[in-house]
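Colleague: I would like to learn how to read a few features of this model. Could we go through them one at a time?

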Amino acid sequence: MEAIPPLLFAALRFMLVAFPAVLFVRPPGNGWRTVLACGATMSAGQFALLYTAMNLGMPAGLASLVLQIQTVFTVGIAALVLRELPTRWQVAGIAIGVAGMVVVGWEFMAAAPVLPFLMTIAAAASWGMGNVLTRRRPPRDGFSLVVWSALVAPLPLLGLSLWLEGWERDLHALTHLTTTSVLGLAFVTYGASMAGYGLWNLLLSRHAASTVSPWSMFVPVIGTVAAYFYNGETPTVVGLVGAVVIILGVLMALGVLGPRRRPRPDVPDREHPPAEPAGL
């Protein structure tokens, strides 16, 4: 995003996700309304807010940390809409994981600008809504939902970019692409969206939201390790303590630590399909 405006960057990301893959990947089979809603929330809404927040001064590391509050949004919305009530142990694990994220980000939060910070929280809420929509009407496979929902995002994002960022700035960016920006765009397109979100949607189609969403709390831990090897950033003692707390919280939320309980079925009810025809 040093070379490409944030909204244009998001539009290019989802354009490349959709084309040419949409010509070869069959539709997800969970209804066109779900595909449109997932594209509006998990794709366009989340990344329009996130990338703009980063462009306005939200540090990338802190953004990846704050975005994981989607776990709370996902579990809360799923409990209200899908009646997927987490166990007390899962709630405790998520709370401990969030506390660990606060510990990790404490050093940065004091210097974080307010508006970008709130925009990142809104991006997390948009992601959480997309998670519940995916869980409510599961696709036949996670990859197809990523590809077909990506069709929703490019035109609205491009329109916002032309309006807010200006066609001259967009044209300059497209005619002065750097190797770094192209590689970054390729990574978020084929690595993060197609591979990462494809697997994420597959998990949501098979397991309860409260089982899947806590995994994202590992992002700050992985980010800290990546920053050490890539940028030589040595984690502080506070950061390491926070990482340990996050890991403990996630393991509790996933049932690895804590009292054993009878497994409950996470697979959607196939005997009582949703009223909406499968359609797209």
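Modeller: We can start with a charge over a ring. A charge sits over a ring if NZ of Lys or CZ of Arg is within 6 Å of the ring centre and within 35 degrees of the ring normal. Keep in mind that this is a predicted model.

Colleague: Over which ring does the charged end of R13 sit?

Modeller: The ring is that of F47, and the charged end of R13 is 4.1 Å from its centre. F47 also belongs to an aromatic cluster, together with F9, F14, Y51, W127, Y197 and W200.

Colleague: How should I read an aromatic pair?

Modeller: A pair of aromatic rings is described by the distance of the centres and the angle of the planes. In the whole structure, a search finds seven aromatic pairs. One of them joins W215 and F218, with 5.8 Å from centre to centre and 45° between the planes, which makes the pair tilted.

Colleague: How much of the chain counts as buried?

Modeller: Of its 280 residues, 45% do.

Colleague: Next, the fold as a whole. How many helices and strands are there in the chain?

Modeller: The chain has 13 helices and zero strands. Its radius of gyration is 19 Å, close to the 19 Å that the globule rule gives for 280 residues, so the chain is as compact as a globular protein of that length. Along the principal axes, the C-alpha trace spans about 60 × 55 × 30 Å.

Colleague: And empty space inside the model?

Modeller: Rolling a probe the size of a water molecule over the atoms shows where empty space is left. Here the count comes to one cavity of 30 Å³ or more. The volume of the largest cavity is about 110 Å³.

Colleague: Which helices each supply at least two residues of its lining?

Modeller: They are α2 (32-55), α7 (142-149) and α10 (179-206). The largest share, five residues, comes from α2. Among the lining residues are F14, F47 and Y197, which are also members of the aromatic cluster.

Colleague: What should I look for in the backbone?

Modeller: Most residues other than glycine have a negative phi, and most peptide bonds are trans. Two places in this model are worth a look. The peptide bond from F19 to P20 is cis, with omega near 5°, and P20 is in the loop between α1 (6-18) and α2. R83, a residue other than glycine, has a positive phi, near 60°.

Colleague: Where does R83 lie?

Modeller: R83 is in the loop between α4 (70-81) and α5 (88-109). With a relative accessible area of 65%, R83 is exposed.

Colleague: One more loop residue, then: where does H207 lie?

Modeller: H207 is in the loop between α10 and α11 (209-212). At 31% relative accessibility, H207 counts as partly exposed. Between the C-alpha atoms of H207 and Y197, which are 10 residues apart along the chain, the separation is 15 Å.

Methods: Residues are numbered from 1 along each chain as its sequence is written. This is a predicted model: local features need pLDDT of at least 70, side-chain atom pairs count only at pLDDT 80 or more; totals for chains, interfaces and linings use all residues. Side-chain values use heavy atoms; hydrogens and water are left out. On a 1 Å grid over the protein atoms alone, a cavity is a set of points where a 1.4 Å probe fits but cannot get out, and a pocket is an open set with protein on both sides within 12 Å along at least five of seven lines; lining residues have an atom within 4 Å of a point. Grid points are joined across faces, edges and corners, and a volume is the space filled by probe spheres set on the points. Helices (H or I, at least four residues) and strands (E, at least two) are DSSP runs, numbered from the N terminus. Rings of Phe, Tyr and Trp (its six-membered ring) pair if their centres lie within 6.5 Å; planes under 30 degrees apart count as stacked, over 60 as edge-to-face and the rest as tilted. The radius of gyration is taken over C-alpha atoms; the globule rule is 2.2 Å times the number of residues to the power 0.38. Buried means under 20% relative accessible area, exposed over 50%, partly exposed in between (1.4 Å probe, protein chains only).
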